[in-house]
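Please look over the sequence and the structure before reading on.

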Amino acid sequence: MPQPSASARSASPAVAREAVAADPDGRPARAGGDTPATAERAPEHRTPTSRAAEAAMPPTATPPTGAADAPGTPDAPDASGASDPEPQPGPRPQPAPRPEPQPHAESEPHPGPHLHRRPGAAEAAGADDGEPDRLGTPDRLGTPGRSGGDDGEIDGVDEALALVSGARQGTHRSAARPDSAGAERGRHRAHPWPAARSVAAGAGRSRAPRTVRLPLAEALGTVLAEPLTALCDLPSFDTSAMDGWAVAGPGPWRIASEGSILAGHGGAAPLPDGTALRIATGARVPLETTAVIRSEHARAAEGTRLLHAERPVTPGQDIRPRGQECRTGDRLLPTGTAVTPAVLGLAAAAGYDTLLAVVRPRAEVLVLGDELLTSGLPHEGLIRDALGPMIGPWLHALGADVVATRRIGDDADALYRAVTASDADLVVTTGGTAAGPVDHVHPVLRRAGAELLVDQVAVRPGHPMLLARLPDGRHLVGLPGNPLAAVSGLLTLAGPVLRTLSGREPERPCRLPVRDTVQGHPHDTRLVPFAYDRGRPAPLHYNGPAMLRGVAVADGLVVIPPGGAEPGDDVEVIDLPWAGRASVEGGCFT
């Protein structure tokens, strides 16, 4: 049967439109109806729900529309319209007994427009050993535990089956299938999501950051390569905190005839006891000054040249003493601090003209896939490249200088040349990380002598992401081709690598109570776009692996552990680089 190209990899919503369509509310509906096998099994996999009830469902996952594949069920048609051969005529199999619903089964998640799956390496070779994959379905997606298409979900089939299975039967695999051991072993080859993030952060430390000394005007957005230590006392002398009167001794005070003390002028003579002298904010306070009285809190008596305080006077009031903020040699900021406008101001105040900064790591993006268009509307099997315009700016927001975004297509030799000739610290590929006929990333890495540090992550979406170290110490992150799966890969692997390559410490996890119920995968972590609602992450609709509509309005991704989360559960959140926790009421401050 015809094989697809290396990706539906960068096609944002364009996932097998003949097989799946979504209505304006995000509820998918299959065009042309179910296949006979799925139609007859549908009652086993879906609780009847009215459209009104579906619309009222919380935004925990994309709603299901048809039956998910089950053992022995033929695959849905692929993007080209081809389908697997029909089963040979014979006695009609009896449906398995329907299990009793578990709690929350009535609100099971709907898998959304990713129920289409493409053939994997086993099919491409004409092989189908019938070994069940880790969800109990015949492994048509490659070796057990490995994706045979771009994404571990194959447009979400794997995820959909797992979610339905988890909602209906709990999160445990059936032990009744003797041939499931290989699939279970394959599943455990994937790195747990927290471990993958840790490996990525450690990988960035393997190369010493490059440093450069920059004038303050050019240092914004960099990272300090050394601690910021005070070069002087702040303030350097006693200064007035307010416009008003410098007074010595108890009042009332005789108003001096010398005029006023202004900021930037040399020190005045010591102030005699019983004397008041006008002073400006920031001006150096004369020796022997008891306090500064604000102009609005003092009254000059006409004709007597005496100053009276209208409020009690405390010694030292409204005087900023020398060294109040820091003393010479105090450590103001640690190595790895991001240089913000406030940091530039502090550095200048502390006596700096230049800063030693970490050079931003260089990144190069290689977009794979022959089916991608760079302009116009999709047509004749060609689809718009959603990742090319997105990945470079996202890497820049994560701290990289993006030197190029290049379109390679499905050419293994061209990919090898691009990877080995790049001088970027981090090479990022899109698509081609699985085991399909034109998925060239793994073979190219083997040919280049690279070391695989992470090969698959137990996360949905984005299961087939990878991280490799090239022989010269540079790194490569292979992103899945589905857009939201690629975002998952950016935040899971590319972000931690770039953070440590740029000299920053790993980001401290932030946990917040989730607003809504979120369905979990039985075995894997889920990353779901969310928006803050009164300080709590609220999961968003349109969270399928091929969708960008949810993440386009998101503040971040919420990390849902296997099994899911209930309202009020504390879950980890990953803010998007441009969202910023500190700007959100109730968010985490970093």
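## Basis and overall make-up

The model is predicted, so to speak of local features a pLDDT of at least 70 is needed, side-chain atom pairs count only at pLDDT 80 or more, and totals for chains, interfaces and linings use all residues. Residues are numbered from 1 along each chain as its sequence is written, and side-chain values use heavy atoms, with hydrogens and water left out.

The chain holds 11 helices and 30 strands. Helices (H or I, at least four residues) and strands (E, at least two) are DSSP runs, numbered from the N terminus. Of the chain's 590 residues, 53% count as buried. Buried means under 20% relative accessible area, exposed means over 50%, and partly exposed lies in between, with a 1.4 Å probe and protein chains only. Contact means heavy atoms within 4.5 Å. Among contacts between residues at least 6 apart in sequence, 75% join residues at least 24 apart.

## Two helix pairs

Two packed helices are described by the angle between their axes and the distance between the axes. Axes are lines fitted to C-alpha atoms, for helices over the stretch in contact, and angles run from 0 to 180 degrees between N-to-C directions.

Helix H6 (residues 193–204) and helix H11 (residues 483–501) have axes that come within 7 Å and cross at roughly 30°. H6 and H11 are therefore roughly parallel to each other. Angles under 35 degrees count as roughly parallel, over 145 as roughly antiparallel, 65 to 115 as roughly perpendicular and the rest as oblique. The crossing of H6 and H11 is right-handed. A crossing is right-handed if the near helix is turned clockwise from the far one by less than a right angle, and left-handed if anticlockwise. On the H6 side, the residues that meet H11 are Trp-193, Ala-196, Arg-197, Ala-200, Ala-201 and Gly-204. Their partners in H11 are Leu-491, Thr-492, Leu-493, Pro-496, Val-497, Thr-500 and Leu-501. By class, the contact of H6 with H11 has nine nonpolar, three polar and one charged residues. Here Ala, Val, Leu, Ile, Met, Phe, Trp, Tyr, Cys and Pro count as nonpolar, Asp, Glu, Lys and Arg as charged, and the others, Gly among them, as polar.

For helix H9 (residues 412–421) and helix H10 (residues 441–448), the axes come within 10 Å and cross at roughly 50°. That makes H9 oblique to H10. The crossing of H9 and H10 is right-handed. H9 contributes Ala-412, Asp-413, Leu-415, Tyr-416, Val-419 and Thr-420 to the contact, and H10 contributes Val-441, Val-444, Arg-447 and Ala-448. Seven nonpolar, one polar and two charged residues make up the contact of H9 with H10.

## Salt bridges

Side chains of opposite charge can pair when their charged atoms come close. How many salt bridges does the structure hold? There are 18 salt bridges, each being a side-chain nitrogen of Lys or Arg within 4 Å of a carboxyl oxygen of Asp or Glu. The table lists some of them.

| Pair | Closest N and O atoms |
|---|---|
| Arg-406 and Glu-364 | 3.1 Å |
| Arg-460 and Asp-524 | 2.8 Å |

Arg-406 lies in strand E20 (residues 401–407) and Glu-364 in strand E17 (residues 362–367), so the pair ties together parts that are 42 residues apart in sequence. Arg-406 is partly exposed at 36% relative accessibility, whereas Glu-364 is buried at 5%.

Glu-451 belongs to strand E22 (residues 451–455) and Arg-469 to strand E24 (residues 466–469), 18 residues apart. Glu-451 is partly exposed at 42% relative accessibility, and Arg-469 is partly exposed at 23%.

Both Arg-460 and Asp-524 are buried.

## Two single residues

Asp-243 sits in the loop between strand E7 (239–240) and strand E8 (244–247). Asp-243 is partly exposed, at 46% relative accessibility. Not counting residues up to four places away in sequence, Asp-243 touches Ile-279, Ala-280, Thr-281, Ile-293, Arg-294 and Ser-295.

Thr-239 lies in strand E7. Thr-239 is buried, with a relative accessible area of 7%. With residues up to four places away in sequence left out, Thr-239 touches Gly-282, Ala-283, Val-285, Asp-318, Ile-319 and Arg-320.
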